[in-house]
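Q: I have a model open and would like to learn how to read it. Could we go through it together, one feature at a time?

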Amino acid sequence: MRSIEQRAVQAYREQFLEEPAIIASAPGRVNLIGEHTDYNGGFVLPCAVEQRVAVAVGAVGHESGQLYSADFRELCPLTGKRTGSWADYPCGVVWALTAQGHEVPLFRATFAGDVPLGSGLSSSAAIEAATALALDAFFHLGISGKDLAVLCQQAENGFVGVNSGIMDQYASLLSQAGMALLIDCRTLEAEAVPLDLAAAGLTLVVCDTQVPRELSATGYNARRQTCERAAHALGVKELRDAHIQDLDRLSGEELKRARHVVTENARVLEAAEALRRDDFVEFGRLMYASHRSLRDDYEVSTPELNAFVDLAAQFRALGARLTGAGFGGCAIALIKSEGAQALVESVRQHFAGRGFPRPIFYTFQPAAGAEVVR
Ligand code: ADP
Ligand code: MG
């Protein structure tokens with residue numbers, strides 16, 4: 001058992017003075033390439049990070065279900081009502097399961113996680129996925145990983161009230177160690193693509209720039225609307241259906257935004273091809289190209305994100321780009337393992353010198369998706 005899973009078990013023993021029946025955990029994720037493509041019906045290519053949320057589940061001996069977070073040190077009732085607390089995520093999963101006609105008897109559960117909250121690695125998908133998988137095992141629901149992911153998305157959209165796509169939950173539930181996950185956001189088909197970085201002596205570095213994403217909601221909505229207008233102007237359902245030669249018929253902002261989406265979708269497919277032949281050099285080149293497109297055409301980068309990518313290039317990273325919606329948040333680099341620490345140190349110094357916020361770094365290998373461990 002991983003130490004985070006042991007922490008969930010320990011919390012269960014302390015809270016409920018019993019052994020849990022089921023222990024499961026699910027990872028956070030990072031998107032390797034394919035940004036702002038999801039709501040255009042396109043492709044994304046995330047992988048799981050090593051940080052996870054673990055859950056220990058057992059039966060209740062009395063009337064009410066209970067949820068305990070070892071991180072928040074808080075015991076919450078299992079309810080069908082939104083309370084605005086962390087418990088909304090597991091309660092939302094129960095709500096979504098019930099809405100789909102599944103029988104979910106009362107239970108109690110403890111949670112422990114080390115996915116950083118709200119920093120772009122999707123701790124919310126991790127807690128949802130861990131909960132869904134554990135309940136599926138505990139109550140013998142027999143739901144597929146894909147269907148659990150859709151249920152988790154419904155929990156986040158319909159219960160918690162956050163409008164997110166399917167990528168986070170898919171990545172958390174369906175990823176495999178040493179693999180990335182190519183997701184078609186229109187058909188919801190997903191395919192594992194090899195990403196054995198350890199064998200190649202490579203590592204992924206995530207830099208959380210700690211820049212608050214204040215403008216992200218308005219900027220994000222504006223981008224979505226422009227994409228819809230561009231698709232309409234081209235007479236296609238979504239920009240996924242547009243071709244590069246169609247773009248001549250657009251101009252101004254619509255042209256720039258659509259050009260990013262059309263070229264980014266092509267890059268994701270090329271990136272998956274590159275990974276299938278272990279061509280990390282080509283993969284990295286596509287990451288840099290993705291960043292330039294997000295910076296110049298989609299205009300969602302920031303000085304901090306650009307500084308990270310420029311430094312990564314100086315430190316001979318194979319690839320680097322902003323990841324997530326942009327407007328702050330995280331960037332990622334693919335680099336030789338022995339060079340990662342030097343990059344981190346240099347970014348720290350550079351950011352301090354320019355008066356940027358103090359960044360936080362995570363170094364990892366593509367990790368396993370959600371698992372029932374006992
Ligand atoms: P992100 O998904 O980017 O990390 P969100 O705001 O979507 O950020 O989700 C973070 C929320 O998920 C937390 O505020 C908390 O409610 C819940 N959460 C994540 N990890 C845990 C955990 N280990 N224990 C309890 N709740 C958690
Ligand atoms: Mg989230």
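A: Gladly! Keep in mind that this is a predicted model. Let's begin with one residue: Leu45 touches Asn31, Leu32, Ile33, Ala180, Leu181, Leu182, Val193, Val268, Ala271, Ala272, Leu275 and Phe283, leaving out residues up to four places away in sequence.

Q: Which residues have the most contacts inside the largest nonpolar core?

A: The general idea comes first: in soluble globular proteins, nonpolar side chains tend to be buried together. Here, the largest nonpolar core has 79 residues, and Leu45 and Phe107 are those with the most contacts inside it. Helix 3 gives the most to this core, namely nine residues. Another core, of 38 residues, lies apart from it and includes Cys227, Val309, Phe351 and Phe356.

Q: Now the ligand. How many residues surround ligand 1, and which are the closest?

A: Start with the shell, then look at individual atoms. Ligand 1 is surrounded by 14 residues, with Asp71, Trp86, Gly118, Ser123 and Ser124 the closest. By type, the shell divides into six nonpolar residues, seven polar and one charged. Helix 3 (residues 123-138) supplies the largest share of the shell, three residues.

Q: Let me try a loop residue. Is Asn40 buried or exposed?

A: The number to read is relative accessibility. Asn40 sits in the loop between strand 1 (22-33) and strand 2 (43-58). Asn40 counts as buried because its relative accessibility is 3%, under the 20% cut-off. Leaving aside neighbours within four places in sequence, Asn40 is in contact with Cys227, Glu238, Leu239, Arg240, Val261 and Tyr298.

Q: And where is Leu294 found, and which residues does Leu294 touch?

A: Leu294 belongs to helix 8 (residues 280-296). Its relative accessibility is 0%, so Leu294 counts as buried. Not counting residues up to four places away in sequence, Leu294 touches Glu35, His36, His260, Glu299, Val300, Ser301, Arg321 and Leu322. The C-alpha atoms of Leu294 and Arg257 are separated by 9.0 Å, with the two residues 37 residues apart along the chain.

How values were computed:
Residues numbered from 1 in each chain as written. Chains lettered and ligands numbered in written order. Predicted model: local features only at pLDDT ≥ 70, side-chain atom pairs only at ≥ 80, totals over all residues. Heavy atoms only, no water. Near = heavy atom within 4 Å. Helix = DSSP H or I, 4+ residues; strand = E, 2+ residues; numbered from the N terminus. Nonpolar A, V, L, I, M, F, W, Y, C, P; charged D, E, K, R; others polar. Core = buried A, V, L, I, M, F, W, Y, C linked by side-chain atoms within 4.5 Å. Buried < 20%, exposed > 50% of the residue type's maximum accessible area, 1.4 Å probe, protein only. Contact = heavy atoms within 4.5 Å.
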